[in-house]
Amino acid sequence: MQNFKWQRIVLKVGSALIAPEQNGCSSRYLLTIAQFIVRCRAQGIEVILVSSGSVAAGSHLFPEDKPRSVALKKAMAAAGQMEMMATWDRFFDFPSAQILLTHGDLRDRERYTSVRDTIFTLLDHGVLPVINENDTVTTDDLKVGDNDNLSAMVAAAADADALMIFSDVDGLYDKNPNLHTDAVLLPEISEIDESIYAMAGCATSAVGTGGMKTKIEAAEKATSHGITTFILNGFKEQTFNLLLEGKNPGTIFLPYEKPMQEAVHWRTHTASEQGEVIVEGDFSEPLDENAEQINPQGIIEVRGEFSVGDTILVRSDDGTKLAKARANYSSCLLNFIAENETSEFSDEAQDSIGPIISDEDIAVLEKS
Ligand SMILES: Nc1ncnc2c1ncn2[C@@H]1O[C@H](COP(=O)(O)OP(=O)(O)O)[C@@H](O)[C@H]1O
Ligand SMILES: N[C@@H](CCC(=O)OP(=O)(O)O)C(=O)O
């Protein structure tokens with residue numbers, strides 16, 4: 001991959017590549033992917049693998065149970081994860097390590113930093129990190145839900161240069177090629193807007209989650225962090241040969257020229273808001289330099305329950321999303337302040353705690 005000059009890449013492998021016949025893990029496609037990983041490492045490129053497929057790999061162990069309950073899918077994931085890790089590990093003569101994550105781990109700044117540190121330490125020691133969502137323990141509130149978005153969060157956490165999403169199609173088409181014979185492949189996307197999302201349909205395979213929509217979300221997350229992103233066909237050996245020749249065999253999403261800073265990116269794309277604060281005021285000036293101007297008297301409403309340190313969404317009174325920021329106050333205290341007629345208590349709180357949100361812990365959102 002001489003032409004690409006990458007130091008660190010994240011490869012995301014979809015379920016259809018792991019268990020194509022849904023009869024346990026198969027080496028049919030994984031062998032080629034494993035050889036690609038070995039060749040990248042031989043070129044000095046650090047590789048992180050985000051591997052889907054635990055449910056698909058484990059499903060053959062529970063053949064008689066249909067329809068599948070959530071508990072059954074979690075059991076499949078628990079059993080299939082073992083088989084999948086064993087399959088990957090067999091291909092390599094270097095060590096690999098399993099990391100199972102939930103969104104709960106990534107949206108908490110301390111746990112996120114700990115995940116980052118672990119990934120960097122593994123890479124420093126030549127160990128291949130193999131990452132999946134921790135399906136067995138996730139709840140609706142805790143899960144990322146698809147490994148496309150998870151891989152983008154991992155790529156950002158790992159400061160990767162490129163994210164390669166290996167799937168069962170050649171890339172992004174102007175419409176689903178499995179439903180429309182006249183669909184056209186788009187080799188290069190320089191800007192992700194509504195028209196790109198409009199092209200993306202759902203998964204049509206029995207094992208995929210999210211289809212193209214989640215891959216575009218992943219590309220948006222990654223490119224805004226300066227990470228070149230590809231959607232590629234992992235079924236075709238040619239894909240890997242072309243990549244090694246420095247060519248684009250699928251769809252490439254070009255990185256932002258001015259990527260977001262790490263902390264702002266995390267707050268925008270990985271942290272999720274636990275509540276909202278509706279404020280009044282003049283927001284014509286950049287909020288990231290004036291966050292501290294939002295004072296308790298300006299609060300109109302506090303929505304949801306959040307604690308100090310959680311991420312909150314700040315909206316203006318006309319509904320515009322202004323920013324995501326670290327809550328310096330709990331929702332309980334803010335509610336009390338907002339409902340209290342006298343400013344004496346809020347002045348006291350501001351003196352002892354400081355501003356409601358701070359300039360350094362804020363991600364300004366595009367007005368919507
Ligand atoms: N515009 C599109 N271009 C390409 N594929 C699309 C498009 N819209 C929907 N798809 C579907 O997305 C599928 C890939 O997503 P998915 O099944 O979730 O794969 P994976 O398991 O690799 O994540 C394709 O097989 C295709 O059916
Ligand atoms: N965590 C799940 C995979 C979820 C997922 O996003 O699957 P896929 O669309 O095939 O990448 C599993 O291991 O089965």
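UniProt positions are given in the numbering used here, feature names are shortened, and annotations may be inferred rather than shown by experiment. With that in mind, an unreviewed UniProt entry places the feature "binding site" at Lys12, Ser167, Asp168, Thr209, Gly210, Gly211, Met212, Lys213, Thr214 and Lys215. The unreviewed entry also places "domain: Aspartate/glutamate/uridylate kinase" at residues 7-233. This is a predicted model, in which local features need pLDDT of at least 70 and side-chain atom pairs count only at pLDDT 80 or more, while totals for chains, interfaces and linings use all residues. Residues are numbered from 1 along each chain as its sequence is written, and chains are lettered from A and ligands numbered from 1 in the order in which they are written.

The protein is divided into domain 1 (8-265) and domain 2 (273-364), with bounds that come from an automatic or database domain assignment. Taken over C-alpha atoms, the centres of domain 1 and domain 2 are separated by 36 Å. The annotated span 7-233 is 43% helix and 17% strand, and its end C-alpha atoms lie 22 Å apart. Helices (H or I, at least four residues) and strands (E, at least two) are DSSP runs, numbered from the N terminus.

Serine 167 belongs to strand S5 (residues 162-167). A residue is buried if 20 or more other C-beta atoms lie within 10 Å of its own, exposed if 12 or fewer, and partly exposed in between, with C-beta atoms placed from the backbone. Serine 167 counts as buried because it has 27 C-beta neighbours inside 10 Å. Contact is assigned when the C-beta atoms of two residues, placed from the backbone, lie within 7 Å. Leaving out residues up to four places away in sequence, serine 167 touches Gly14, Ile231, Asn233 and Gly234. Threonine 214 is found in helix H9 (residues 211-223) and is buried, since 24 other C-beta atoms lie within 10 Å. With residues up to four places away in sequence not counted, threonine 214 touches Asp146, Asp148 and Asn149.

The ligand shells come next. A residue is near a molecule if its C-beta atom, placed from the backbone, lies within 6 Å of it. Ligand 1 is surrounded by 23 residues, of which Gly14, Ser167, Gly201, Ala203 and Gly208 are the closest. Helix H1 (15-18) and H9 are the elements that give two or more residues to this shell. By class, the shell around ligand 1 has 9 nonpolar, 12 polar and 2 charged residues. Here Ala, Val, Leu, Ile, Met, Phe, Trp, Tyr, Cys and Pro count as nonpolar, Asp, Glu, Lys and Arg as charged, and the others, Gly among them, as polar.

Around ligand 2 there are 17 residues, and Ser15, Ser52, Ser54, Val55 and Asn147 come nearest. Helix H3 (54-58) and strand S4 (128-133) each supply at least two residues of this shell, and H3 gives the largest share, 3 residues. The shell around ligand 2 divides into 4 nonpolar, 10 polar and 3 charged residues.

Attention now turns to the interior. A nonpolar core is a set of buried Ala, Val, Leu, Ile, Met, Phe, Trp, Tyr and Cys residues joined through C-beta atoms within 7 Å. The largest such core has 65 residues, and those with the most contacts inside it are Val10, Leu49, Val154, Ala155 and Leu163. Helix H7 (residues 147-157) gives the most to this core, with 7 residues. A second, separate core of 22 residues includes Leu287, Ala323, Ala327 and Ile357. H7 itself is mostly covered, as 11 of its 11 residues are buried. Leucine 163, apart from its neighbours within four places in sequence, is in contact with Val10, Lys12, Ser151, Ala152, Ala155, Ala222, Ile227 and Thr229.

Some backbone features complete the account. Most residues other than glycine have a negative phi. Just after H7, however, aspartate 159 takes a positive phi of about 50 degrees. Lysine 5, in the segment before strand S1 (8-13), has a positive phi of about 55 degrees, and it is exposed because 10 other C-beta atoms lie within 10 Å. Glutamine 22 lies in the loop between H1 and helix H2 (27-42), and its phi is near 50 degrees.
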